[in-house]
Amino acid sequence: MSEKKPFLQAAGIVGVLTLLSRFLGLFRDMALASVFGASRIGDIFLIAFELPNLTRRVLGEGSLSAFIVPIFSRVRAEMGEKRGWLFASNALTTIGLFTSVLTLLGMAFAPLLFSILGYGYVERGDTEAIRLGAELTRIMFPFQIMLALSALMMGFCHSLRHFTMPSLGSSSLNITMIIVALLSSKIKDVHLFACIMGYAVLLGVFIRLVIMLPPLMQRGFRYTLRLQPASSHMKELYLMMLPATFGMAVAQINVTISRAFATKLGEGYIPCLMYSNHLVQMPVAIIAGALGTAILPQLSQYVLQNRREDLENLVRFAFRIVLILFMPAMLAFMALGHPMVEVLFQRKNWDAVATEKAYWALLFYAPALIWWGMQQILLPLYYARKDIKTTVWTGAAAMLLNIALNVTVVFTPYLKEHLGHGGLALANTLGVALNTVLLQIILTRRGMKLWDATVTITALKTFAAACVMGAAAWGMWHGLYTLVPHSHLTGLFLLSVVIIISVGVYFTAAFLLQVPDLREAFQMVIRKFRKSAPTTGE
């Protein structure tokens, strides 16, 4: 247990840091949904927003921030403060120039790029949609320049042990978009509103960049125009980034595929897929992402010390925590997904039909929770062993399956009629499952025993407890909601009450079933609400 305790504490801290940004992202989705609804203009805006996002995620914004830290720290330690800041200036200039070229290319070929992701509109001959999509793409494409620069500056701040401003910066984009959406909500022209929100995206990422300047300048940073893209330190950064870039490219193309195929089904399916996926991703980011981040240092230590038994025990323990926390989340989304979407999104231009469509997608995304959670545990194990190549190949296999299933759903009349966009969500879930299973099989063939009887018992018992919770949640909601006047306020209150009681039902059932490691998982949930994010100064 002594080895598990710091792992759980670290996971709790990382989860809290992610919580604010995720909830702000949810509020942003709510603001956009209320104006755009599940409509043609909603499709167009989200496709245009996806294009620069896809580029920066493929380039590995998070990886860039992480990889710059050891290089910058070593240059400062070995060559002095001044050379460290010169390297920082060179990195900012080089990455800034590279992303500027990408931005100019993206803006020049905006109609083509939009037509690829929105090819359903091309098929239908909707030239107005392509024109507006290209315009919004051109507005938002510079987003990637400032985000790449802010990723570098975040790495510099972390190297200097300053975490406050980077943490605040991560939420600035969502805060800006929420404020601008609320201020512009009375605008009747949705095309104008879409353009205003495009500029809000740029403003938000600009704020994220600027607020990191004061702590860096206090430590001596002064930008110097310096362009040496072939320097030894920049080459080291490229070598570190290359495998991560390939891996991210596969992962992000996999995510984007469903949205591209959704345009062939008709108008308004992209918001339904995206917002339901964002709901399911919240526990993944808060809990599984935190577990994966926290587990990496201990995994790396065990790999270096060749402590295979300890490593296997830690991974199996993490698997059990994922099952304990994600099995009820999966059943909760299935049982309460409709009222969740209704309470959160159904207002103004987001109607009951849009809620039904989003819930249909949510049903097929929900089973991916377990697979996503376990994948977040397995990937750090490969990273600790410096085996990026395998993760790229398994990701590519998942992507091919996802493409094949998307094509099957869209071009098979029976599946298109009966599954529709739910089939696209299911294709994504099956792709994630394949990737996770392949990662597990490869490690097993390498002699690692990461799944044993205790994990199987935990899976069976948590599923049983989650089914009890799901039935209770469904019954409570449908019983109580018919007794009170229908409004967003009463709906939100009742949903909160049902969720809280359901959590109690689940942990009670799991306790009676004697689920292994239940106490540790429960303490981790409680810690989320008690701990505040650390505000480490310089």
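## The cavity

By class, 4 nonpolar, 1 polar and 2 charged residues line the largest cavity. Here Ala, Val, Leu, Ile, Met, Phe, Trp, Tyr, Cys and Pro count as nonpolar, Asp, Glu, Lys and Arg as charged, and the others, Gly among them, as polar. This is a predicted model: local features need pLDDT of at least 70, side-chain atom pairs count only at pLDDT 80 or more, and totals for chains, interfaces and linings use all residues. Residues are numbered from 1 along each chain as its sequence is written, and side-chain values use heavy atoms, with hydrogens and water left out.

The count comes to 1 cavity of 30 Å³ or more. A cavity is a set of points, on a 1 Å grid over the protein atoms alone, where a 1.4 Å probe fits but cannot get out; lining residues have an atom within 4 Å of a point. The volume of the largest cavity is about 30 Å³, taken as the space filled by probe spheres set on the points, which are joined across faces, edges and corners. Its lining is Leu 46, Ile 47, Glu 50, Leu 117, Thr 256, Arg 259 and Ile 270. Two elements give two or more residues to this lining: α2 (40-58) and α12 (232-265). The largest share, 3 residues, comes from α2.

## Helix α10

Helices are DSSP runs (H or I, at least four residues), numbered from the N terminus. Helix α10 covers residues 190-210, 21 residues in all. From first C-alpha to last, α10 reaches 30 Å, close to the 30 Å expected at 1.5 Å a residue. That expected span is 1.5 Å times one less than the number of residues.

Buried residues of α10 include Phe 193, Met 197, Val 201 and Leu 209. Buried means under 20% relative accessible area, exposed over 50%, and partly exposed in between (1.4 Å probe, protein chains only).

## Cysteines

The structure holds 0 disulfides. A disulfide is a pair of cysteine sulfur atoms within 2.5 Å. Cys 195 is buried, at 12% relative accessible area. Cys 467 is partly exposed, at 32%.

Phe 67 sits in helix α3 (residues 61-79). Phe 67 is partly exposed, because its relative accessibility is 22%. Phe 67 and Leu 237 are 170 residues apart along the chain, yet 6.8 Å separates their C-alpha atoms.

His 488 belongs to helix α21 (residues 488-512). With 36% relative accessibility, His 488 is also partly exposed. His 488 and Arg 347 are 141 residues apart along the chain, with 8.7 Å between their C-alpha atoms.

Key. 1 Å grid on protein atoms, 1.4 Å probe; cavity = no way out; pocket = protein on both sides within 12 Å on 5 of 7 lines; lining within 4 Å.
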